[in-house]
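Welcome! Please take a moment to look over the sequence and the model, and then we can walk through a few places together.

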Amino acid sequence: MGADQETRGQNRKMLGKLIVIAVMMFGFGYALIPVYKQLCEVLGINVLTQKDGTVELDKNTQVDKSRSITVEFDGNAQGPWRFRPVVSSMQVHPGELATVMYEVVNTQARTVNAQAIPSYAPQSATPHFKKVECFCFKQQTLKPNEARQMPVVFFIDPALPKEVKTITLSYTFFEIAGLDKTASN
């Protein structure tokens with residue numbers, strides 16, 4: 001019986017030590033955040049804002065303000081939906097980042113899988129039209145009667161020939177058949 005009490009005493013001491021260690025580890029982890037921030041500020045690494053709290057955005061030096069390009073937008077639907085650009089055209093400077101939204105509405109009471117394929121006119125503008133983000137990069141799944149606005153973020157390469165004043169971006173949005181047998185039910 002004396003050995004049993006001695007074991008219990010040792011277990012309590014061990015439990016106390018483990019609780020102290022756990023509290024110290026939590027405190028160390030909690031204190032590490034401000035220490036890390038202070039260390040980064042002193043060393044000048046991973047600084048997200050300036051000392052006065054203001055952020056000065058870098059200017060895009062690649063923008064050619066000396067000319068404007070008219071970009072016209074078009075949407076063709078090959079399937080059970082309405083598909084169109086929200087705006088029909090916009091003026092952009094070569095090198096300037098721009099965003100246009102396309103709207104699609106699935107008019108059917110079933111889920112459909114679709115893909116958009118772009119085309120450009122004139123054809124010589126194709127290598128100069130740079131998309132950063134586009135719904136055409138992946139297949140779209142539209143639920144029954146779903147409406148969605150999808151962005152295209154792009155810029156025109158300043159190396160675009162000077163004689164090109166207008167570019168037309170056209171998408172054909174079509175259904176991809178046979179991918180999901182349950183989608184047609």
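With the side chain of which residue does the side chain of Arg67 make a polar contact? The partner is the side chain of Asp64, at 3.2 Å. A polar contact here is a pair of N or O atoms within 3.5 Å; within protein, one must be able to donate a hydrogen and the other to accept it, and residues adjacent in sequence count only if both atoms are side-chain atoms.

Before we go on, a word on the model: it is predicted, local features need pLDDT of at least 70, side-chain atom pairs count only at pLDDT 80 or more, and totals for chains, interfaces and linings use all residues. Residues are numbered from 1 along each chain as its sequence is written, and side-chain values use heavy atoms, with hydrogens and water left out.

Let us stay with Arg67, which sits in the loop between α1 (2–43) and β1 (69–78). Helices (H or I, at least four residues) and strands (E, at least two) are DSSP runs, numbered from the N terminus. The side chain of Arg67 also reaches the backbone oxygen of Pro158, at 3.0 Å. Arg67 has a relative accessible area of 10%, so it is buried; buried means under 20%, exposed over 50%, and partly exposed in between (1.4 Å probe, protein chains only). Leaving aside residues up to four places away in sequence, Arg67 touches several residues, among them Val92, His93 and Leu160. Contact means heavy atoms within 4.5 Å.

Now follow the helix α1. Its 42 residues reach 59 Å from the first C-alpha to the last, close to the 62 Å expected at 1.5 Å a residue; the expected span is 1.5 Å times one less than the number of residues. At Leu32, shortly before the proline Pro34, α1 has a kink of about 30 degrees. The bend at a residue is the angle between axes fitted to the seven residues ending there and the seven starting there.

Another loop, between β4 (98–106) and β5 (112–121), holds Gln108. Is this residue buried or partly exposed? Gln108 is partly exposed, because its relative accessible area is 29%. Its side chain makes a polar contact with the side chain of Arg110 (2.7 Å).

Our last stop is a disulfide, a pair of cysteine sulfur atoms within 2.5 Å. One disulfide is counted, and it joins Cys134 to Cys136, with S to S at 2.5 Å. The torsion about this S-S bond is about 130 degrees, so the disulfide is right-handed. Cys134 is buried at 7% relative accessible area, and Cys136 is buried at 9%.
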